[in-house]
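Here is my note on this model, point by point. Please keep the sequence and the 3D view open as you read.

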Amino acid sequence: MAKAINPLQEQLLKAGLVKESKVALVAREQAKARNAKGGAAGPSEIELEAQRARAEKAERDRALEAERREQARRRELQAQARQIVRDRRVQRSGELEYRFTAGGVIRTLLVDEDQRRKLASGALVIVDAGEGFELLPRAAADQVRERDESMIVVDHGQAAPEAVDPDDEDAAYYAQFKVPDDLMW
């Protein structure tokens, strides 16, 4: 016998319980089984499922990371906008009440006559600074608009004229009455 046999097979042969041909057959089958495991067999269903799961997890991780980066970018832009408001705000002075709507609620700022004229002409803009409303010059308001447009509350310089629906009789009738921007309530 040229092939090495394990001790159990040797004992079984000495005891006469198996024949030498049967031991050789088993040894060949074991060798084939060992070679088949290391062979080029395709991946099993479990391995394919594991690869799919890893790919899906990687895609989810990439999507979450992209969302986190976008949120961080938005927070950075909002912080820049708040910094511009803090640095460039116009000090309010005066006793004239300037009323405007913000979030469906009528708000009031105390301004002087010059500031009221500038607000009506669009030279000044009202922004929501979080802790209150502030006045900004047009250039600073444009910088804030680039970073966070939701902070702009009142901007008469950017207001587009409302389009009148030609089929609506009431709108057509009231369109002939222009309401001035500097109307005091």
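1. **Overall make-up.** The protein chain has six helices and five strands. Helices (H or I, at least four residues) and strands (E, at least two) are DSSP runs, numbered from the N terminus. Along the sequence, the order is α-α-α-β-β-α-β-β-α-β-α.

2. **What kind of model this is.** The model is predicted: local features need pLDDT of at least 70 and side-chain atom pairs pLDDT 80 or more, while totals for chains, interfaces and linings use all residues. Residues are numbered from 1 along each chain as its sequence is written, and side-chain values use heavy atoms, leaving out hydrogens and water.

3. Of the 185 residues in the protein chain, 19% are buried. Buried means under 20% relative accessible area, exposed means over 50%, and partly exposed lies in between (1.4 Å probe, protein chains only). Now take the contacts in the protein chain with a separation of 6 or more: 46% of them join residues 24 or more positions apart. Contact means heavy atoms within 4.5 Å.

4. **A helix pair.** How do α3 and α5 pack? Helix α3 covers residues 45–88 and helix α5 covers residues 138–147. Their axes are 8 Å apart, at an angle of about 165°. Axes are lines fitted to C-alpha atoms, for helices over the stretch in contact, and angles run from 0 to 180 degrees between N-to-C directions. The two helices are therefore roughly antiparallel. The cut-offs are: under 35 degrees roughly parallel, over 145 roughly antiparallel, 65 to 115 roughly perpendicular, and the rest oblique.

5. **Where the two helices touch.** On the α3 side, the contact is made by L77, Q80, A81, I84, V85 and R88. On the α5 side, A139, A140, Q143, V144 and R147 take part. By class, this contact has seven nonpolar, two polar and two charged residues. Ala, Val, Leu, Ile, Met, Phe, Trp, Tyr, Cys and Pro count as nonpolar; Asp, Glu, Lys and Arg count as charged; the others, Gly among them, count as polar.

6. **Aromatic rings.** How many aromatic pairs does a search of the whole structure find? It finds three. Rings of Phe, Tyr and Trp (its six-membered ring) pair if their centres lie within 6.5 Å; planes under 30 degrees apart are stacked, over 60 edge-to-face, and the rest tilted. The rings of Y173 and Y174 have centres 5.2 Å apart and planes at 75°, so this pair is edge-to-face. Y173 also pairs with F177: centres 5.4 Å apart, planes at 70°, so again edge-to-face. Y173, Y174 and F177 form one aromatic cluster.

7. Y173 is partly exposed, at 46%. F177 is partly exposed, at 46%.

8. D128 is in strand β3 (residues 124–128). D128 is partly exposed, at 32% relative accessibility. Beyond its neighbours within four places in sequence, D128 contacts F133, M151 and V153. D128 and V85 are 43 residues apart in sequence, and 9.1 Å apart in space, C-alpha to C-alpha. V26 lies in helix α2 (residues 20–37) and is partly exposed, at 29%.
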